[in-house]
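I opened the file and kept notes on what I looked up. The entries follow in the order in which I wrote them.

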Amino acid sequence: MKLADRIAAVSTKDAVKASVSYDQLRAAGGAFCWVETRPDAGGVTTVTCWRPGDGMHDVSPQGFAVSSGVHAYGGGSFAVVDGMLWCVGRDGLYRSRRNGGDLELVSRGAFGDLRACLRRSVVDGVAA
């Protein structure tokens, strides 16, 4: 069988099903984090982070779909601040204090474009 015949035997649907997608790359607390969609896990979208010395690990719980239906492109469905994951799921906005730990529903509704905003208070010239 020629190479062209083997390539033609693979459908577009099969190729897409076999492809892991990587989106929303962010730097957070000395790590790089992104949203990863895994076809072999039923298309579940998870937040994965990589840190020098620690390697790569999931920070959203297994089986939890991190996604935002606010925008068709699904942007801004997570933020990581001080080791805490904030993410959008089916029912609203969630947070977790531990990597891979249980998520707590903070607010019901539709959310998108999550961003981390770090602000320091200055009192009498001293950062708090």
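**Aromatic pairs and the rest**

I began with Tyr94, which is buried at a relative accessible area of 10% (buried means under 20% relative accessible area, exposed over 50%, partly exposed in between, with a 1.4 Å probe and protein chains only).

Before going on I noted the terms of the model. This is a predicted model, in which local features need pLDDT of at least 70, side-chain atom pairs count only at pLDDT 80 or more, and totals for chains, interfaces and linings use all residues. Residues are numbered from 1 along each chain as its sequence is written, and side-chain values use heavy atoms, with hydrogens and water left out.

I then listed the elements. The chain has two helices and 10 strands (DSSP runs numbered from the N terminus, helices being H or I of at least four residues and strands E of at least two). Read from the N terminus, the order is α-α-β-β-β-β-β-β-β-β-β-β.

I checked the totals. The chain has 128 residues, and 31% of them count as buried. Its accessible surface is about 8,700 Å², with 53% belonging to carbon and sulfur atoms (Shrake-Rupley method, 1.4 Å probe; for residues, only the protein chains shown count as cover).

I searched for aromatic pairs, and the whole structure gave two (ring centres of Phe, Tyr and the six-membered ring of Trp within 6.5 Å; planes under 30 degrees apart are stacked, over 60 edge-to-face, the rest tilted). Phe32 and Trp50 are stacked, at 6.5 Å centre to centre with 20° between the planes. Phe32 sits in strand 2 (residues 31-38) and Trp50 in strand 3, 18 residues apart. Phe32 is partly exposed at 42% relative accessible area, and Trp50 is partly exposed at 37%.

Phe64 and Tyr94 have ring centres 5.0 Å apart and planes at 75°, so I filed this pair as edge-to-face. Phe64 is in the loop between strand 4 and strand 5 (78-81) and Tyr94 is in strand 7 (residues 92-96), so the pair ties together parts 30 residues apart in sequence. Phe64 is buried, at 17% relative accessible area.

I looked at charges over rings next. Arg26 lies over the face of Phe78, 4.7 Å from the ring centre (NZ of Lys or CZ of Arg within 6 Å of the ring centre and within 35 degrees of the ring normal).

Last, I took the hairpin. Strand 3 (residues 44-51) pairs with strand 4 (residues 55-58) in the antiparallel sense over four bridges (DSSP must find at least two bridges for a pair). Arg51 has Gly55 in strand 4 as its bridge partner. Three residues lie between the strands, and Gly53 takes a positive phi near 90° in this hairpin.
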